[in-house]
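Dear colleague,

I am handing over the structure below, and after it I set out what was found. Please read the notes with the model open beside you.

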Amino acid sequence: MPKLVHEMELPFPVERVWDWHMRPGALERLMPPWEDARVVGREGGIHDGGLVHVKVRRGPVKIDFKARHTAYEEGRLFQDEQESGPMGSWVHRHEFEPRGDDATMLRDRITYDPPLGPAAAALAGATIEGELKRLFRFRNQRLLQDLRRHAGHDGPPLRVAITGAGGFVGRALCHFLTTGGHEVIAIVRRKPRRDRGEIYWDPMEGRIEGSRLEGVDAVVHLAGENLSKGRWTPAKKKAIWQSRVVGTRVLTGALSRLRNPPRVLVSSSAIGIYGNRGSERLVETSKPGKGFLADLCREWEKEARLAERSGIRVVLLRTGLVLSPAGGALGTMLLPFKVGIGGRLGSGRQYVSWIDHDDLVGLIFHAVTTSSLRGPVNGVAPHPVPNATFTTILGRTLRRPTLLPVPSLAVRGMFGEMGKTLLLEGARVIPEAAARSGFRFDFEGLGESLAFQLGRAAPDYR
């Protein structure tokens, strides 16, 4: 029966590392973004007898995995054993060993049988072990990064209300916050789960349960129609405009009526406010550009700033291309690159201002907890790159050729105005406000971010 032991020493006391693992969202934070995996059920918590149900999709293949928690010892260990799933057997023991007062040895012990039993071990063993090592390198790196970010907040736990909590960024932010001991209140358009404290709103109808926001510490506004999904028809542009401008107006109107409003509103915006600016170096004080997206962002931010009249600190987070295979643009472009038909778009000279998905979550938390930060904040990494460079680095990370450029005419033909604005135009945006406020990026270089998010070794540029 194959075995694997993976160890990592963390510079945090064992109580803090243990508590992180016991809180809601821990399993979701430890799932690798390159896997299409989601938790679909839980029973009984993490103590003995608790059950967790995970579904994974790999291309056309669907995998169901159910694990039963066993051998729980407070502050020291817990174990999960496969009850049903793809492996012949699976036992994962999580051990927490104190190393003095300020460090923890985190040890994962895995014992398993391959899917077809011992006979398959000789054939599949090396592949399974390689995937497990890849998984635990990612898990431990994300855990270390999250613990560092949480340690930077020395105040009491926060109550944070979030629109767009079920989206690409919102889901990750919710799990990050709950593992740090904070309370998340989702603002949703479906029927709210009252047992979870959810708040109902219908921004297009101008309805929101505003009184339920009384006394929250912060509001993070991420909701809005997907910009990159579908051509920008007149109807689509109207939906985009209303979801962002009107939705923000409904939210700030509700905040203005509170007796005890939140201290801060972090409202999503986009670097599209700068328009198509070539190689010009753009910071938060740079003038807005022209076009539909620039006009949208100006009005979007104008509505968010109305919250300042209620004494609320407002942060306008101008986000760039967010890197994670779990969604967004990178999730869409991975398939053609993996099969070797990826290439630069148009001339390849347009700048891509990007940010690692984990760094964006960290920057939102930084904006919530840093009282000196207000106004526009560029949500991008310090080193934007031309599209041709982005293409080359992604290809090297995936170890695939990038020899097939996509002509500008083809992009315009397939995607219309959306393709022209989002794919062929660019802006070289610098995170001056974030850096000035003391924010620390875990991924300043594109290669390092892609390697982490895809679970690959960093590209060799020699």
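On the surface, Arg-38, Lys-55, Arg-57, Lys-62 and Lys-66 gather in a patch of positive charge. Patches are built from residues with over 30% relative accessible area and no salt bridge, like charges being joined within 9 Å and nonpolar side chains (Val, Leu, Ile, Met, Phe, Trp, Tyr) within 5 Å; Lys and Arg count as positive, Asp and Glu as negative, while His and the chain ends are not counted. The place of a charge is taken as NZ of Lys, CZ of Arg, CG of Asp or CD of Glu, and accessible areas come from the Shrake-Rupley method with a 1.4 Å probe, where for residues only the protein chains shown count as cover.

Please keep in mind that this is a predicted model, in which local features need pLDDT of at least 70 and side-chain atom pairs count only at pLDDT 80 or more, whereas totals for chains, interfaces and linings use all residues. Residues are numbered from 1 along each chain as its sequence is written, and side-chain values use heavy atoms, with hydrogens and water left out.

Strands β3 (51–58) and β4 (61–73) each supply at least two residues of the positive patch; helices (H or I, at least four residues) and strands (E, at least two) are DSSP runs, numbered from the N terminus. Lys-66 is found in strand β4.

A nonpolar patch on the surface is formed by Leu-335, Val-339, Ile-341, Leu-403 and Leu-404, which together have about 530 Å² of accessible area. Among them, Ile-341 lies in the loop between α7 (328–338) and β17 (351–352), and Ile-341 counts as partly exposed because its relative accessibility is 48% (buried means under 20%, exposed over 50%, partly exposed in between).

Across the whole structure, a search finds 35 salt bridges, each being a side-chain nitrogen of Lys or Arg within 4 Å of a carboxyl oxygen of Asp or Glu. In one of them, Glu-28 pairs with Arg-42, with the closest N and O atoms 3.0 Å apart. This pair links helix α2 (residues 26–30) to strand β2 (residues 36–43); Glu-28 counts as buried at 18% relative accessibility, whereas Arg-42 is partly exposed at 48%.

How values were computed. Buried means under 20% relative accessible area, exposed over 50%, partly exposed in between (1.4 Å probe, protein chains only).
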